[in-house]
Amino acid sequence: MNDNDNPIDKPFLAHPNRRQFLGMAAVGSAGLLLPWSLARQALAADVGAPAGRVTIGFSQEPTVFNPLMPHIEVDDGIHWNVFDPLFFADPQGDFVPALAMEVPTVANGGISQDGLKWHIKLREGVTWHDGTPFTAEDVAFTFRLTVDPDFRSSRHAGFDLVQNIEVISPTELRWEMSKSYAPFSSILATTFIVPKHLLSDDPNQAPFNNAPVGTGAFKWKERVAGDHILLEANSDYFAGPAGIEEVVFRYIPDLTVLYTQFKTSDIDVIAMQGIMPDHYQEAKGLSGKTVVVVPSSSVESIAFNMERPQFKDPIVRQALYLALDKGTILDALYYGLPTPTETYMPHESPYYNADLPQHRYDIDAAKKLLDDAGWKPGGDGIREKDGVRLSFTNSTTSGNQVREQMQQFVQQSWQELGVDMQISNRPPAVMWGDYWMQSQFDSVVVGINFLTGSDPDVSNYFRSDSIPAQNGGGQNTFQYKNADVDRLLAEGASEQDPAKRQPIYHRIQATIREDLPMLPLFQYAYVRGYKTGLEGYEGNINTRITTWNVRQWHWA
Amino acid sequence: MGRYLIGRLGQSVVVLFLVSLIGFMILNLAPGGPLSQFALTPGMSQADIQRLAVQMGLDRPLIVQYIDWLGRLLRGDWGESFRDGRPVLAIIVEHLWATLLLMGTSMAISIVVGTLVGIAGAIRRYSIFDYLATVGAMVALSIPTFWFGLVAIYLFALKLAWLPAGNMITIGDGSVLDYLHHLVMPALVLALVNVAIWSRYMRSSTLDVLHQDFVRTARAKGLPRYRVLVHHIVRNALLPMITLGGLQLPTILGGALVAETVFTWPGMGRLFLDSIGYSDYPVVMGILMLSAIFVLLGNLLADLLVALADPRVRLA
């Protein structure tokens, strides 16, 4: 099959909705119905020769260009354009092959029935930007480098289970897993393959780290630190060249200035935090600009430290949730942009449980709950029981004005309930250091993307052996412990069949909704804008950044 | 003179050592740290963060880390940024160049204009010009740079479209003319406040000199007005300005944070703020040490210049 003369329009199966996904998963043929050649539509712009320049404004500065090293979301914005993963998750959560010919599944034989043996075929004729051929050796090298003890790798999860990597031919490799681990597909979908020939010496200090060479649709051209990064179209891109000739990423730290430069057309695309919600109305009226609301997979919540005596009683957590006026918070403070939610799972995920009990705001019911459970107001009006006062601190990043307003609003609501919440905010480096990691807080307001890519696994956040304050290695800073959830998480992670995984993750969401280690508020949505005439712009909740598909953008 | 210099340099070494020790300790003892930015990264766990801390040597006792850092510094190795892994000195030089361009231009404008306005205001004291200059300086000093910058952008970039809204160059251009085109607005906005400061200092300094005996003597000798002004009044009135200039030298390393932010200028102010925000210890320490060196050099230079300009001062 030649992927250069395929005029077939994007078939509906390339972007199925949730129901279609489940139907496909049920017959176990998702991989078979999506021939790899159709992936061309999902990879390149297909509009002829690259033309023009697009300038993207970032409110943070990308500084880490080796995609395997620890980095923040803005760095992803560069990685997606310079590198390719084996395959990636599209906005609907379906895997689309990139460097791989086909996404490995149990159904197509890429993964063995027991989930232990993986086999991947790679595209032929792919080259690195420096002309060196891309081979299976590069993939094997990337896998090994990720767990190399001397390399400053950002994560080991999944790759620490890989063993016996075997390069069969330059375009074929297989490996074994020490146990069946379904989230590995999703981890691979966010792992960019790096070139062996440029990182063999000292990968921590390699010149590559500041002049990356990938297989992606764009080549690295220049970086002026603190100012901009310039990429240019890779005319040899395996899926056909991108629609844009030059991509500029500008670093504009101040959000007001970012918005001003969007208005003056100094930048074409406003990325990262985008447009502040209070500018949404004005931005919609700007001539020559298209303003869109893009969902994000981050979920905002008020999270508890479950080891604090105030929060041990589930009645208290339920009462606090009842006394939370979510509707007002969303409308008054967030201009109704985000979606209210009952779970940590993004609504776009095929694993989202839509049948969870709906939150209602009922302060009288909350009072009754506490009264009945024996939490009686003391002399100062603050409820107490067995010597425990319902008094605690709430913390978040200081300087986040909207969140601070929300804290004050919640403080008042809970005051009415007889609960004393003191606001105690900290600068980001302090807030998310040991204070968060070692569970030194009482409660926090936090936005978390609980998933890694598109996989529903949340072991890192909810399994009882993931508590850093109790010598766990994960990020269960809530110190949440539930044996049922532990068991279900283990079951879900080892099950390879999406249709069988779904009920497991529905139950986990239901249990967490009942236990309320965190009060789910809403799923974030960001206001983003671009110059009218730019086509191909699309949000993707399975990536952390809206510049994941610049290769598909083009000027009308 | 030689002995004086050696003495000053000796003092400087002690000061530098103390600055480095105190700076390093405070920076490292502050809660948070370079790895806290990865706390909410999907897929990264506490185990990963602990492993990285060991790999980066951040788990060692503080005093060991300090001695290691100091040892490298004494051998000329300023270390590498935690953020992009490049040598600290190269990063600072890049940003310093941008800042020097902006602050140098604005300082040149403000010194020349400020000095002239100050002298004119002093010799024509209580004239209309003097009143206007005084009021103008008060207004300029009260306007926040951030607001003034945004208004200038609104006017000259958005409405009139004469000047770019920010940035140092048009990417792909980078000619001298392009630099100048981008430089005009930030340099003038930044100069506005400094003109006000310099003109106020210069005015009062000139007034001090104006009624000194030697000025009257010069006039009495029948020297031309111009000669009295340039050689007797201005030369003496500029003496305190030299000290002021010397004190301003190290502020270049701090950069012009507000102007750099409004006009997205990749200068030292933003580098410093970002490096603090991300706990990029090597870069923060690099800036701190260079600042200390600049302060010491600036003071020394100012003292030497004053001695040169004022025959009454003798360094010993």
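Which helix of chain B has the lowest mean pLDDT among the elements of that chain, and which the highest? Good morning, colleagues. The structure shown here is a predicted model, in which local features need pLDDT of at least 70, side-chain atom pairs count only at pLDDT 80 or more, and totals for chains, interfaces and linings use all residues. Residues are numbered from 1 along each chain as its sequence is written, while chains are lettered from A and ligands numbered from 1 in the order in which they are written.

I return to the opening question. The lowest mean pLDDT, 71, belongs to helix α11 (residues 251-254) of chain B, and the highest, 94, to helix α3 (residues 62-74) of chain B. Here pLDDT is the predictor's confidence in each residue, from 0 to 100; helices (H or I, at least four residues) and strands (E, at least two) are DSSP runs, numbered from the N terminus. Chain B has a mean pLDDT of 86, with 98% of its residues at 70 or more. The model scores are ipTM 0.83 and pTM 0.86.

I turn to the contact between the chains. It takes 47 residues from chain A and 42 residues from chain B, two residues being in contact if their C-beta atoms, placed from the backbone, lie within 7 Å. On the chain B side, the largest share, five residues, comes from α2(B). That side divides into 20 nonpolar, 15 polar and seven charged residues. In this division, Ala, Val, Leu, Ile, Met, Phe, Trp, Tyr, Cys and Pro count as nonpolar, Asp, Glu, Lys and Arg as charged, and the others, Gly among them, as polar.

Next, the domains of chain B. The assignment, automatic or from a database, gives domain 1 (2-74) and domain 2 (94-309). Their C-alpha centres lie 33 Å apart. In chain B, 15 residues of domain 1 are in contact with 12 residues of domain 2. Helix α1 (residues 2-29) of chain B supplies the largest share of the domain 1 side, 10 residues.

Finally, a sheet in chain A. Three strands form an open, antiparallel sheet in the order β4-β6-β5; strands pair if DSSP finds at least two bridges between them. Why does one side of β4 (117-121) and of β5 (162-169) of chain A lack a neighbour in the sheet? Both stand at the edges, each with a single partner strand, so one side of each is left without a neighbour. β4(A) pairs with strand β6 (residues 172-177) of chain A over five bridges, and A:Trp118 has A:Trp175 in β6(A) as its bridge partner.
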